[in-house]
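Open the model in your viewer and keep the selection tool ready. The tour goes stop by stop.

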Amino acid sequence: MSDNEQSTPEQTERSLKPIQLFICLAIGLTFWFSPAPNGLEVGGWHVLGLFVTTILALVIKPLPMGAVALISLEIAILTNLITAKQGFSAFSSTVVWLVLFALFIAKGFNVTGLSKRIAYFFTAIFGKKTLGLSYGLMLTDLILAPAIPSVTGRAAGIVFPIVRSIATSYKSFPNCSSSKKIGGFLTVTAFQVTTITSAMFMTAMAANPLIAKLTADQSIALTWGKWALAAIVPGIISLAVIPWFIFKIYPPSIRVTPNATILAKQNLKDMGKISRSEWIMGFTVIVLLTLWMLNKYINPAVAGMVGLTVLLVSGVLEWKSLVKIDTAWETFFWFCIIIMLAGQLTDQGVLSWFTTNVEGYFSDYHWTKALPIICLIYFYIHYFFASSTAHVSAMFPAFLGLAIVLGAPPLLAVFVLTFASNLFGGLTHYSLAPAPLLYGVGYVDIKDWWRIGFLVSLINIAIWCGIGIPWWKFLGYW
């Protein structure tokens, strides 16, 4: 390659794969050939090594996530760490089927155009001023969050195209000084808002059902309704404060945006009257939310199946189109294997070994002092993760078990760690799936992205702990 030629991102990625594979192999072999620490059986040590290597591979991605999970499952079975029956057990888990059904249902918003109609509707109402426009986009994300378990689908697929259209109409372009006119503010606000909405519903992010499963493994029931009720007060306050806060610390130079309202109204006019498919989609979502809130009587995965069936029978969705959603099937595949490996950490004594060894460092602290320290470590260690699911899989069970052993009320520990598992997604430009996409457009430089992410994290922690904890006490959760 000549000095004037530059490698493409794809070429760079391919050249790094051998290095990434070598790193994963080295980590795995280190665990395999090193002696198990005191108090932990060899089998548990090897399972921990496989789990750590798998999580690392999911983060640095030497291979697609599905391929990484397949290899991990194969290694676990061939080395007799688990039986074949144990390896495939998680494919019958209702948690992963709930995620799959929800991802299918989410496609209905795009097929019918209902998601765009909702976004244009709120933009037309609140879009006269830049700050109001950010709240309109926030309401769009909030309305869609319970039924779209993909922060990428909401933030990057629905909200951001509208952001970019509005920014372009005001001659605010990425990678230049005009980005701060309006594009930068709207981009970073849309990103920070989606981390809050994802925290408010069990079905708003793919990792959330995993949290519910890991919590159930420790004999703590966490239902869809209990999750939503716990999140409603701190969530609404956080959604009200964060756009205003970003407006103050990262102000756009354009404060009045009549074009946004005009553009939204024109798009609504072009869409015409609400179609039959949109009515069916809206009705299905209402039914789904009702069933999920009443999951004492019906399993959430079965409720998702009912909603999907309505969309299939009515013709809103076609089965052939669902079969082609490769991202949904891949999520289902690697999700099953991660759940299985996380379960093996418990079954083979790894988590109890961890809590026993770490507990001593906090033995002199009452749980009221130990819990904040544990949660802050759990929150800010996300700087080292490029995936919320990887972070949750690797850290949530251990930190929850530690908090409970130290005497923290179980549901209090669950809620603090659960909501942190969503809110820490706003820290960096790689910490959540839509982050690289929104940052990569070029409206916000890396210094501002990290600065805003850290400051917003402080506000969110203050709100969700300062207001959330008393609210959960009022609800009788602890």
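Which helices are included in what covers the buried residues of helix 17? Among them are helix 2 (42–60), helix 16 (326–347) and helix 19 (388–405). Select helix 17, residues 350–359. Its buried residues include V350, L351, W353, T355 and V358. Buried means under 20% relative accessible area, exposed means over 50%, and partly exposed lies in between, with a 1.4 Å probe and protein chains only. Cover here is a matter of contact, meaning heavy atoms within 4.5 Å.

Before moving on, some ground rules. This is a predicted model, where local features need pLDDT of at least 70 and side-chain atom pairs count only at pLDDT 80 or more, while totals for chains, interfaces and linings use all residues. Residues are numbered from 1 along each chain as its sequence is written, and side-chain values use heavy atoms, with hydrogens and water left out.

**The whole chain**

Zoom out. The chain has 23 helices and zero strands. Helices (H or I, at least four residues) and strands (E, at least two) are DSSP runs, numbered from the N terminus. The C-alpha trace spans about 70 × 65 × 50 Å along its principal axes. For 478 residues, a compact globule would have a radius of gyration near 23 Å, and the chain agrees, at 23 Å. That radius is taken over C-alpha atoms, and the globule rule is 2.2 Å times the number of residues to the power 0.38. Colour by burial: 54% of the 478 residues are buried. Of the contacts with a separation of 6 or more, 78% join residues 24 or more positions apart.

**Helix 11 against helix 22**

Select residues 224–249 and 446–466. These are helix 11 and helix 22, packed at an angle of about 150 degrees with axes 10 Å apart. Axes are lines fitted to C-alpha atoms, for helices over the stretch in contact, and angles run from 0 to 180 degrees between N-to-C directions. The crossing is right-handed: the near helix is turned clockwise from the far one by less than a right angle. Show side chains at the contact. Helix 11 brings residues including P234, G235, F245 and I249, and helix 22 brings residues including R451, N460 and W464. By class, the contact has 14 nonpolar, three polar and one charged residues.

**T418**

Go to helix 20, residues 410–423, and pick T418. Is T418 buried or exposed? T418 is buried, with a relative accessible area of 0%. Look for a polar atom of its side chain: the backbone oxygen of V414 lies 2.6 Å from it. Now show the surroundings. Leaving aside neighbours within four places in sequence, T418 is in contact with I211, L222, W227 and F396.

**P436**

Next, select P436 in helix 21, residues 434–441. P436 is partly exposed, at 40% relative accessibility. Not counting residues up to four places away in sequence, P436 touches H429 and Y430.

**Two loop residues**

Which loop holds N80? Look between helix 3 (65–78) and helix 4 (84–87). N80 is not a glycine, although its phi is positive, at about 65 degrees. N80 is exposed, at 68% relative accessibility.

End at S219, in the loop between helix 10 (207–217) and helix 11. Phi of S219 is also positive in a residue other than glycine, near 60 degrees. S219 counts as exposed, at 71% relative accessibility.

Definitions and conventions:
Nonpolar A, V, L, I, M, F, W, Y, C, P; charged D, E, K, R; others polar. Polar contact = N/O pair within 3.5 Å; in protein donor to acceptor, adjacent residues only side chain to side chain.
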